[in-house]
2 protein chains.
Amino acid sequence: MAGAPQLDGFFKQVDTLSDHFIERLRKAVAIPSISADVARRPDVFRMGHWLADELKALGVQVELRQLGKQPDHPHLDLPPVVLGRYGSDKNKRTILVYGHYDVQPAEKADGWATEPFDLTVDSQGRMFGRGSTDDKGPVLGWLNAIEAHQKAGVDFPVNLLMCFEGMEEYGSEGLDELIEDEAKKWFADADAVCISDNYWLGTEKPCLTYGLRGCNYYSVEVSGPGADLHSGVFGGTAQEPMTDLVRVLATLVDTNGVIQIPGIKEQVAPVTPEEETLYDGISFTMDNIHESLGSKTTIFEDKKSTLMARWRYPSLSIHGIEGAFSQPGAKTVIPAKVIGKFSIRTVPDMDIEKTNELVFNYVKEQFAKLGSKNTLKVDVLHTGKWWVSSPKHWNFSAAAKAVERVFGVQPDFTREGGSIPVTLTFEQATGKNVLLLPMGSSTDGAHSINEKLDKRNYIEGIKLLGAYLHHVAVEPTS
Amino acid sequence: MAGAPQLDGFFKQVDTLSDHFIERLRKAVAIPSISADVARRPDVFRMGHWLADELKALGVQVELRQLGKQPDHPHLDLPPVVLGRYGSDKNKRTILVYGHYDVQPAEKADGWATEPFDLTVDSQGRMFGRGSTDDKGPVLGWLNAIEAHQKAGVDFPVNLLMCFEGMEEYGSEGLDELIEDEAKKWFADADAVCISDNYWLGTEKPCLTYGLRGCNYYSVEVSGPGADLHSGVFGGTAQEPMTDLVRVLATLVDTNGVIQIPGIKEQVAPVTPEEETLYDGISFTMDNIHESLGSKTTIFEDKKSTLMARWRYPSLSIHGIEGAFSQPGAKTVIPAKVIGKFSIRTVPDMDIEKTNELVFNYVKEQFAKLGSKNTLKVDVLHTGKWWVSSPKHWNFSAAAKAVERVFGVQPDFTREGGSIPVTLTFEQATGKNVLLLPMGSSTDGAHSINEKLDKRNYIEGIKLLGAYLHHVAVEPTS
């Protein structure tokens, strides 16, 4: 294999085609493929078929995989997974990429400054539109990279396998089974996996992401009376489920985020001397988090503690209570059954089952202390394991070289506090290294109003994806 | 004044007219006068005018008082208060009665066994229909009593003043001002007040109610971040308002209803030896409360403690949290601003302002202990004072004699845990004794599906209202 790939022709072609690529994104954003909205399901299908047609026009071999009906809407068809293959040269590496063509809900009335499904570019090059950064921009990045190679007459450096789903924003229904099913079929040749569906840590410097926290989501139900009661009639005579629930929830975590459940922190992998040195170099400041938080109510005052808390320590958040009065105003109800919801973000080497057991026992103990006649049920609603990959794998070193080539800086190697469950699914099903290679920046507002992708991130991001494929094609096996 | 009034003619006439009286209730129930539903406002007006027409047909002098626009819907007219006067004989006592002609919302789809606005009488004599017991049955009770006197040729024993409103189920908007305004005008002659808008303690024995608890309703807001956050990204790095709020709410009251706020119980009037003896005779059992509670999760195991807790001790209930996740399912949100709602039922001799001050200080102290950077606001959303009248007043002793006459038993003298704010308003505005004289029973389900009034309670209740007027006309001043 040779030295540094020759990329100038490809880069120049991306610049030449930049308006065309923005038009392609405009067409994609214009299809309101909201997977959470039953009424928009035809648009999700339309988006899947549009994407398949675009791929076919580029010479990609495409198959649509049907996933059956949606479990919570038994008459509703799930949108297809679009599988693609571009090239089948036995002498080239094969890279499997994943993305999703569905989007979060959006309506102008939610507070958007522009029409959410009409891509609007402002004077600063910000391209506003639902799905621009999450995840239509990155998905089209792969298509654009193919097209730029074709028009520049540059040989495509790898065989590219594609897996684009249409239900990511609604639980990726059916995807795990498909990935496992295709692991030895459509995905059988994959040498490595690349997912572009997360974000830079800040706005200036690209990053490569090698770790994610997991999430165990719990419910604590306290019930007693047969129906909701009037607090005038029953206040003082009935043991109130809401009182008990609040007292149990108050024992879970303190204001500084310290989890009070014994046995949780004991499972956390110790910080190695190598890891100790890793945080200082990361392009991240307390100003960054204060800005994204919209306040200075952080637990820590320094960068290192903050990044460690986000990436490598567990956290516990109380999300809310189902069954209690939750509207504005005043209602004198004693709720008969209330369900508290909280979750724990998990990290290496926490075990899902062991953590569940610790939580269940602790919650039951705290409730027992109350001496209440009410009934407690504690349950886990869903779990997803943490994921940590090796950033020294050739898949990552190739991506790092691509970042240096396109942006002139060494990327940050980052982890994330949230979970992207498909990452672990791909790793386990294929047995290959998975790289998270984000295109958008921390200010894109993926699930918020005024979602955007900066023109720079899109166009340079196309170059990055292409450069990554060139480097990964020749990177020595590590 | 003479001895026991002669009532047989009146009673017999009520029995004779019972089908006619049920038809009158059927017509009233058929008008869906839901005050909380803007779309039903024309029906509330229609109900007010129907009631005025019925009164006029009986020879009652009627005036409609307009209350202007509804504060939270500035283009919506409030329904009129129907003022009535029947008789103006200077030699008779004048009794002011209050009721309301609006009803709670109801739709068959809520789970009603019958059409809620179609009065349906079953084989046990239960008359199902929205408003049957709350409060159209009792309001029509006064009209029926007048008609039965006319048809029986029995002289009406008092001058009757009537005040029937159409917004009771939506905060009695505008009523307090009207009562104060009319205190020295339409209501100027009143010697005593009678309100029939509550319920027997059980199902067999009538009661006279001489006390109500008050209610102070509080909000505790904790805020920090500029917007809702993703718990994956911010869990462990931000101080979470929900954690702080739950910890503050957990300090308010324990599972056995003991209020933890210092200075509350110190304000409660001590139990007198006379009061000690009062509870044993009340027709009430623990089975009654277990049945209405739908469970055995009571704080106390004995009747006396239970009644005292409901009637004469304060209680604190946590109603819910606004701004947190309250839907079914799982959402990994860190809410940016959460508002806990709780209320304290107040009793003699608690002072509203003093109680507010104790609550505000305690909540602030508890929050300060957390050492949080988040922001706390504690506020009172509404207050209503407790009310206790003298059950030895001639207004009560007359009513007790009427109960004995109609039902053959001595009534229980009861208090209630809830509040009926208009009671105190009438007492303060007129300076006269107020009696609560219920018609319905504890199983009527006033605000629930399948609201009903038993035929016995309605027909014997009409006799009771008439008998009360005869007794109150001749009862010696106490």
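## Salt bridges

Over all chains, the structure holds 53 salt bridges, each defined as a side-chain nitrogen of Lys or Arg within 4 Å of a carboxyl oxygen of Asp or Glu. One of them joins B:Lys373 to A:Glu301, with the closest N and O atoms 2.5 Å apart. This pair crosses between chains. B:Lys373 sits in the loop between helix H11 (352–370) and strand S16 (375–384) of chain B, and A:Glu301 in the loop between helix H9 (286–293) and helix H10 (303–311) of chain A. Helices (H or I, at least four residues) and strands (E, at least two) are DSSP runs, numbered from the N terminus. Side chains of opposite charge can pair when their charged atoms come close.

## Basis of the values

This is a predicted model, in which local features need pLDDT of at least 70 and side-chain atom pairs count only at pLDDT 80 or more, while totals for chains, interfaces and linings use all residues. Residues are numbered from 1 along each chain as its sequence is written, chains are lettered from A and ligands numbered from 1 in the order in which they are written, and side-chain values use heavy atoms, with hydrogens and water left out.

## The interface of chains A and B

Chain A contributes 76 residues to the contact and chain B contributes 76 residues, where contact means heavy atoms within 4.5 Å. The two chains bury about 5700 Å² between them, 54% of it on carbon and sulfur atoms. Buried area is the accessible area (1.4 Å probe) that two parts lose on being put together, summed over both.

The rule finds 2 salt bridges across this interface, including that of A:Glu301 with B:Lys373. It also finds 46 residue pairs in polar contact across the interface, both residues at pLDDT 80 or more. A polar contact is a pair of N or O atoms within 3.5 Å; within protein, one must be able to donate a hydrogen and the other to accept it, and residues adjacent in sequence count only if both atoms are side-chain atoms. On the side of chain A that touches chain B, the largest share, 8 residues, comes from strand S13 (residues 315–322) of chain A. That side of chain A divides into 30 nonpolar, 33 polar and 13 charged residues. Here Ala, Val, Leu, Ile, Met, Phe, Trp, Tyr, Cys and Pro count as nonpolar, Asp, Glu, Lys and Arg as charged, and the others, Gly among them, as polar.

The same surface serves both copies, as 100% of the contact residues of chain A recur in chain B.

## A sheet in chain A

In chain A, 3 strands form an open antiparallel sheet in the order S6-S7-S20. Strand S6 (120–121) and strand S20 (452–454) are its edge strands, each pairing on one side only. Two strands pair if DSSP finds at least two bridges between them; 2 bridges join S6(A) to strand S7 (residues 126–128) of chain A. A:Thr120 stands opposite A:Phe128 in S7(A).

## Backbone details

The peptide bond from A:Asp134 to A:Asp135 is cis, with omega near 10°, and A:Asp135 lies in helix H4 (residues 132–152) of chain A. In chain B, the bond from B:Pro348 to B:Asp349 is also cis, with omega near 0°.
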